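Please consult the sequence and the structure shown next while reading the points below.

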Amino acid sequence: MAGQLSSNNGNASNIYQGNGLTLMLPSWLVICVLLVVPVGIMLVYSFLTKEFRGGVIWEFSLAAYDQFFFYRGLFGDEAPTIEWTYIAIFWRSIWQAGLATILCLIIGFPTAWFIATRPPSSRAFWLFLITIPYWVNLLIRTISMKFLIRDEGPINEFLIWLGPISEPIHMINTNFAVQLGLFYSYLPFMVLPIYASVERYDFGLSEAAADLYASRWVTLRKIILPVVKPGVIAGCILVFVPSLGAFLAPDLLGGAKNFMIGSLIEEQFKGNAGNWPFGAAAAMILLTMVLIVLIIYARAQNRERT
Amino acid sequence: MKAARIDLRHFTGFPLITGVCLILLYAPLLIVAVYSFNDSPSITTWEGLSLRWYRDVFFGVEASKFKTAAFNSITIASMAATVATILATSAATAMSRAGQFKGKSVSFALINLPLMVPEIVTAVATLIFFSAIGFTTGYLSILLAHIVFCIPFAYLPISARMQGIPDGYEQAALDLYATRWQAFRLILLPLMLPGILSGFLLAFIISLDDFIITSFVKGAGIETLPTAIFGAVKIGIKPNIMAISTLLLVVSILFVTLSYLIGRAGEKSN
């Protein structure tokens, strides 16, 4: 009803023409003061000298980045060689986040497809089912996963009772546990964008292709894939980016052996072993990596649009 | 008519994987919920149904600790969500009712910035910021940090709703000499109410949910529910933690369902 009342869609309305910036101002202020400026100060801190009980001394230094990339011996007097410890932690994080993303894709794609091909009236309900767990406290979801896959946990108990194994399968504190935790944390981020792209797809097109004697495979590759691809890429980024800096899943499910970037950074700000400039530098490097991924994505999207 | 139509809508196995997906999502939560009713001091052995650990949460040794933490969590979430909702409503009005203006695309990016910056980076940056300006960490620093990341979550449903409302009614009111403020307060705001409510509820849950940013900016001596639970779990999962988790689980699901139903009712009335 309301739709017919006006030709002017809400999107293009200009009732408050001229007040745009005034209305934006409060949000601008809050986000600039409490996020943009802090990231700037963090960048500055990454170039300062560390103070031993946490905090910094206001003296320019490249020590944080140097410590990240180079090893100069126990007393700092040897010729610098590449320091692999931290690069390895970053590499492991990329690897873990990547595997979690693939796991999400394997389960998420068919699920999104299935939901998008339901009758329109029931789609919202299916989506709702998928998103509910996302709104449950992440900490609680991670604890539930930990409870489930412990050596004495319900899965092992059940399998032992059933008979296929006599010793519990060791799952906690392994790479697999971390991937499972990340998968559990971010799965809905994979399903939603893929769903959106499949739902937009007009299945009449594939019927037309079939009428013109395209095989199922050709139709899939030439007609469906181009439409669905943006959703898949968006989903992968939405899972990969938060997985990269995740803290709870690696910390609670991975244990000390499966250290990821999140734990490395966190450690620098807790207790006496802390090194604020180093933590700030590691956070800066993580942020740079994420921004590179997002910029490549934005560019690819722009190219496709033009 | 062709005899054999190729059906590209349905793939064998996809419904099965959807089933697996739902089991993976819900089984851990359900199992923890079931075990929270276990009448045993051990989390491994099952000794029958009881409300023992719920009693422990409310009246046990650690009850006062959890009550204070819950109080902090709920008051912070209410205030952060309220402020974020007001900011997001104003921003959504700018984005969908103010035509083109300078800085519009930057504004859009800025609103969504808290979603793009990894949480751990936000946590570090906020901690360093508070320390650099000499701001005492505690209740207020947690509240300020929460407002920031609540904004995009409040913004999404609010702006979606506002874009769905044509501005004809408001234009009509303006033609009849209503001021713009009257048009906003008496027409747009009531129509927006479902969107605003679901924005508020989502922001509330997101604030209630946060662990990593809170744990960085809270300083010593104050806990929210997630940081208190995390501290306890570091020592080991105990049955009372499972009871608290189940309670929090129920609260989250209740809020999201409410937000979903309000949003849907709003759509229908439109």
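In this predicted model, the charged end of A:Arg118 is placed over the ring of A:Phe114, at 4.0 Å from the ring centre.

**Aromatic pairs and cluster**

- Over all chains, the structure holds 30 aromatic pairs.
- One of them joins A:Phe68 and A:Tyr86, whose rings are stacked, with 5.8 Å from centre to centre and 25° between the planes.
- This pair links distant parts of the chain, since A:Phe68 belongs to helix 3 (residues 63–69) of chain A and A:Tyr86 to helix 4 (residues 84–116) of chain A, 18 residues apart.
- A:Phe68 has a relative accessible area of 2% and is therefore buried, the cut-off being under 20%.
- A:Tyr86, at 16% relative accessibility, also falls under that 20% limit and so counts as buried.
- Both residues take part in one aromatic cluster, which is formed by A:Phe68, A:Phe69, A:Tyr86, A:Phe90 and A:Phe278.

**Interface of chain A and chain B**

- The contact draws on 102 residues from chain A and 102 residues from chain B.
- About 9300 Å² of area is buried between chain A and chain B, and carbon and sulfur atoms give 75% of this area.
- Between chain A and chain B, 10 residue pairs are in polar contact, counting pairs with both residues at pLDDT 80 or more.
- On the side of chain A that touches chain B, helix 2 (residues 20–45) of chain A gives the most, with 20 residues.
- The rule finds one salt bridge across the interface of chain A and chain B.
- A salt bridge joins the side chains of B:Lys234 and A:Asp251, with 2.7 Å from N to O.

**A residue of chain B: B:Leu30**

- B:Leu30 is located in helix 1 (residues 14–35) of chain B.
- With a relative accessible area of 54%, B:Leu30 is exposed, because the class begins over 50%.
- B:Leu30 and B:Leu51 are 21 residues apart along the chain, and their C-alpha atoms are separated by 16 Å.

Key. Residues numbered from 1 in each chain as written. Chains lettered and ligands numbered in written order. Predicted model: local features only at pLDDT ≥ 70, side-chain atom pairs only at ≥ 80, totals over all residues. Heavy atoms only, no water. Phe/Tyr/Trp six-rings, centres within 6.5 Å; stacked < 30°, edge-to-face > 60°. Helix = DSSP H or I, 4+ residues; strand = E, 2+ residues; numbered from the N terminus. Buried < 20%, exposed > 50% of the residue type's maximum accessible area, 1.4 Å probe, protein only. Lys NZ or Arg CZ within 6 Å of the ring centre and 35° of its normal. Contact = heavy atoms within 4.5 Å. Buried area = accessible area lost by both parts, 1.4 Å probe. Salt bridge = Lys/Arg side-chain N within 4 Å of Asp/Glu carboxyl O. Polar contact = N/O pair within 3.5 Å; in protein donor to acceptor, adjacent residues only side chain to side chain.
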